[in-house]
Amino acid sequence: MSQPLRVLLIEDSEDDADLLKLALQRGGYDVLCERVHTPEAMRRALQERAWDVVISDYVMPRFNGIEALKLLQAHGVDIPFVVVSGHIGEELAVAAMKAGADDYVMKDKLARLVPAVARELREAEGRRARRASEEALRESEARLKRALEAEQRAREEAEAAGRAKDQFLAMLSHELRTPLTPVLMVAHTLQTSMQLPARVRSGLQMIQRNVELEAKLIDDLLDLSRITHRKMELQLETVDVHRLLQNVIEICHADVQGKAQNLTTKLKADRHHTRADAARLQQVFWNLIKNAVKFTPREGTITVQSANFGDKICVRVTDTGRGIEKCLLDRIFNPFEQGGQKTTHEFGGLGLGLAISKATIDNHGGKLTADSPGKDLGAEFTVEMPTVPDSHET
C-alpha cells in the first residue's frame, strides 16, 4: 500500500498488540496502529479516524470480540473485522463468523494473519467498489427516469397544446367560412341585374373575387384541420386524369393570358384513368398549375405533361419560374411554407396548398414530389398515381 495500513487493535494485552503489529510489518505492511481495550475507547477511535481493518482479541476483561464486532457494525462502516485469540475454539470461531466477523486467526499461528488481512482488505475493497458501482448505476437510472418523465410531461403538454390549437383552428375556420356563403350568393345575384350601372357591377365583381379568395384561404385551413385529425374523406371513383387536367387549364386560362405566359400540354399517357376523389384530385392539379402561374414571370413557360411508367400515370407540371433552393426542397410540403418568409410576403397566401396536395395524394396511395435546379431556374412537381381500366370501356 502506498499509505500506512491503519489498524485498530482491540487488545487488552500490550505485548500481544506488539506481536500483532510485528507480524503485519514482517508481512510487508507499513502499519499505523492504535490499541484500545474498552468500548468507550473503541467508539472514540472510530469517530476520530478512518480505519482500514479492525483486529480484535476475542476474550478481554471489559468486553469480548462479539461485542466489539457489534459496536463496529453499529458505527456503520464496512471494514474487515478479524478475530485473533489464543483461546478461541471452533465453536466460538463459528459464532464470531456468524455474527459477521470476516476471519479469525489463532495467536499461535500469527503467520496466517497477513494473508488473512490481505484477503479481507481485497474483499472489502471489492465490496466498496461494487457498492459504488451500484450507487452510480442507481443514480444514473434515477436521472434517466427523471429525464424520461420530464420528456413525457413535455410531450404530453405539447400534444395537448397542439390539439387545442387544431381544435381552435377548426372552429375558427368554420365560423369564418359560414358568413361568406350568403355574401357570395348576394354578390352573384346582384351582378345578374341588368339595371345596375357598369361601375357598380364592376365593384360587385371585385367584392366576389375577394370573398372567393377569402373563402379559399379558409377552406385551406379547414382542409389542414381535417388532415391533421385524419378526417379527410375521399369519394373514390374511376376518373379521367386528362379530363381533370384540361378542366384546371381552362380555369387558369385567364391568369395565364394575363401574364402572357405560354402554357403547353403534352398529355401522352395511354392509360390515364385512376381511382380517386375527382374534386380532391382536381384541387391538387389546380394548386400545382396555379403555383406555376404565380411563381413564373411574364412570358414564361409552363408545361403540363403525362406519361405512363409501368402501372402508373405520371403527371409533371414544369415551369421556368423562380425555382426552389436546394435547402428548402425538404420543407416545401410543410404547412405554412412557400420557400421562405420572403416568398410568403411577396406572393401572399398561407402556404397550405402544397401541404394539402401532398396529404391528398398520400391518402390516395400516390406520390407527390418536387424538384428544382435552384433559385430562378424553374421547378417541377410530379404526381404519380396507379392506373385502372376505364370504367366505360367494354
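Predicted model: local features only at pLDDT ≥ 70, side-chain atom pairs only at ≥ 80, totals over all residues.
Entry 1: Residues are numbered from 1 along each chain as its sequence is written, and side-chain values use heavy atoms, with hydrogens and water left out.

What does D255 pair with? I found a salt bridge to K290, with the closest N and O atoms 2.5 Å apart; the criterion is a Lys or Arg side-chain nitrogen within 4 Å of an Asp or Glu carboxyl oxygen. K290 sits in helix 10 and D255 in helix 9 (residues 253–258), so this pair ties together parts 35 residues apart in sequence. Helices here are DSSP runs of H or I with at least four residues, strands are E runs of at least two, and both are numbered from the N terminus. K290 itself is partly exposed, at 28%.

**Entry 2: other salt bridges.** Searching the whole structure, I get eleven salt bridges. E139 bridges to R146, closest N and O atoms 3.4 Å apart. Both ends are partly exposed: E139 at 36% and R146 at 45%.

Then I looked up R155, which bridges to E151 with a closest N to O distance of 3.0 Å. They are four residues apart in helix 5 (residues 113–177), so about one helical turn separates them. As a reminder to myself, an α-helix has 3.6 residues a turn, so residues three or four places apart point the same way. R155 is partly exposed at 36%, and E151 is too, at 44%.

Entry 3: F168, M171, L172 and L176 make a nonpolar surface patch of about 380 Å². Patch members need over 30% relative accessible area and no salt bridge; like charges are joined within 9 Å, nonpolar side chains (Val, Leu, Ile, Met, Phe, Trp, Tyr) within 5 Å. The areas are Shrake-Rupley values with a 1.4 Å probe. I checked L176: it lies in helix 5 and is partly exposed at 41%.

**Entry 4: the cores.** Which members of the largest nonpolar core touch the most others? Of its 34 residues, these are L281, F285, L288, I289 and V383. A core here is a set of buried Ala, Val, Leu, Ile, Met, Phe, Trp, Tyr and Cys residues joined through side-chain atoms within 4.5 Å. Elements giving at least two residues each include helix 8 (241–251), strand 9 (301–309) and strand 12 (379–386). Helix 10 gives the most, with seven residues. Another core lies apart, with 22 residues, among them A45, I66, V83 and A96.

**Entry 5: helix 3.** In helix 3 (residues 65–75), I list G65, I66, A68, L69, L71 and L72 as buried. N64 caps the N-terminal end, its side-chain oxygen 3.0 Å from the backbone nitrogen of I66. Just after the helix, G76 takes a positive phi of about 80°.

How values were computed:
Buried < 20%, exposed > 50% of the residue type's maximum accessible area, 1.4 Å probe, protein only. Polar contact = N/O pair within 3.5 Å; in protein donor to acceptor, adjacent residues only side chain to side chain.
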